[in-house]
Amino acid sequence: MSISIRPFDGNFGAEVIGFDFETNGNEDTFQLLRDAWVEHAVICIRHQKIEPEFFLKLAKIFGEPIPQLINHKAFALPSHPVISVLSSGHVDTLGSGKPINRGGSWHSDHSNTPQPPSGTILHACQLPSQGGNTRFTNQTLAYENLSSDMKKKIEGLKAKHVYQSKYSTRKMPTRSKVDEAISPTSFHPIARTHPVTGRKAIYLNPVRTETIEGMNETDAQVLLDELLAHSAQDEFQYSHEWKSDDVLLWDNRQTMHMAAADSHLYDRERRMHRLMIKGDTPF
């Protein structure tokens, strides 16, 4: 069976139909998938009956899987610790013990690291019968629709990314002392250039971005809030409604994402497996 790439309705995103390692798992197909990932920013590979070893094999088409930022045992698959477990049932085991809203606000994964992951890949292990969508913004389109004055204003500016910004509206999981000691802080350009396409994108992470280099924090937050409001307009969004056996991959270099805040609708646990792909230094 040959594969096909079908763009979603709207400005970005596509689904991949007919991919199977046994029938078309060759380098030509892998390159087609990599090209689709960069072109569409979000791709959904349909109908994947997936085990951890296969999930790792699939991720390696796009690059090298990297470890998670926090080493909580509850947040990792015991047999394959590089695979993170995202569950609506998780609680802050090292802190308050309260439920954690993992991924429930706009962000880009692990942006406080010097080389943030180029991509993130999710496999839906269990879904509620309603709710649980993942939403995305196209930060490349958002940048291209900025005014000329705003593009000039942010050119050359770098934002400071920390584990959790004091301005974040969402509480991150409490870290162990070991994780605190090795958790990095990084400065990254707000107008980020994609290493493959050469196109610029607005690189934001309201959970981690605390200030802007050379600017007082109040002015920095005003500017970051303005860029966030611009980026989160409906015209730059795509909302993914999960189906059984979906595998979803997105490009962190040109998107933000969030889990829809509708867990009150869940009739059972929403459980995902996550892998992240090694990235390079933003420029």
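Some housekeeping comes before the details. Residues are numbered from 1 along each chain as its sequence is written, and side-chain values use heavy atoms, with hydrogens and water left out. Since the model is predicted, local features need pLDDT of at least 70 and side-chain atom pairs count only at pLDDT 80 or more, while totals for chains, interfaces and linings use all residues.

The largest pocket comes out at a volume of about 710 Å³. A pocket here is an open set of points on a 1 Å grid over the protein atoms alone, where a 1.4 Å probe fits and protein lies on both sides within 12 Å along at least five of seven lines. Grid points are joined across faces, edges and corners, and the volume is the space filled by probe spheres set on them. Lining residues, those with an atom within 4 Å of a point, number 38 for the largest pocket, and the closest to its centre are Leu86, Asn101, Arg102, Gly103 and Arg170. Strand S6 (80–87) and strand S16 (255–259) each put at least two residues into this lining; strands (E, at least two residues) and helices (H or I, at least four) are DSSP runs, numbered from the N terminus. By residue type, the lining splits into 17 nonpolar, 14 polar and 7 charged.

Next comes helix H3, residues 52–59, whose buried residues are Pro52, Phe55, Leu56, Leu58 and Ala59. Buried means under 20% relative accessible area, exposed means over 50%, and partly exposed is in between (1.4 Å probe, protein chains only). Looking down the axis of H3, these buried residues fall within an arc of 160 degrees, so they line one face of the helix. The arc is taken from the directions that run from the helix axis to the C-beta atoms.

Aspartate 251 sits in strand S15 (residues 247–251) and is buried, at a relative accessible area of 0%. Its side chain makes a polar contact of 2.8 Å with the side chain of histidine 194, and another of 2.8 Å with that of arginine 253. A polar contact is a pair of N or O atoms within 3.5 Å; within protein, one must be able to donate a hydrogen and the other to accept it, and residues adjacent in sequence count only if both atoms are side-chain atoms. Setting aside neighbours within four places in sequence, aspartate 251 is in contact (heavy atoms within 4.5 Å) with Trp37, Val38, Ala41, Ser118 and His194.

Histidine 40 belongs to helix H2 (residues 27–40) and counts as buried at 11% relative accessibility. Not counting residues up to four places away in sequence, histidine 40 touches Ile5, Pro7, Phe12, Gly13 and Ala14. Histidine 47 is in the loop between strand S3 (42–45) and H3, and is exposed at 60% relative accessible area. Its phi is near 60 degrees, a positive value in a residue other than glycine. Histidine 110, in the loop between S6 and strand S7 (119–126), has a positive phi too, near 50 degrees, but counts as buried at 7% relative accessibility.

Methods: Ala, Val, Leu, Ile, Met, Phe, Trp, Tyr, Cys and Pro count as nonpolar, Asp, Glu, Lys and Arg as charged, and the others, Gly among them, as polar.
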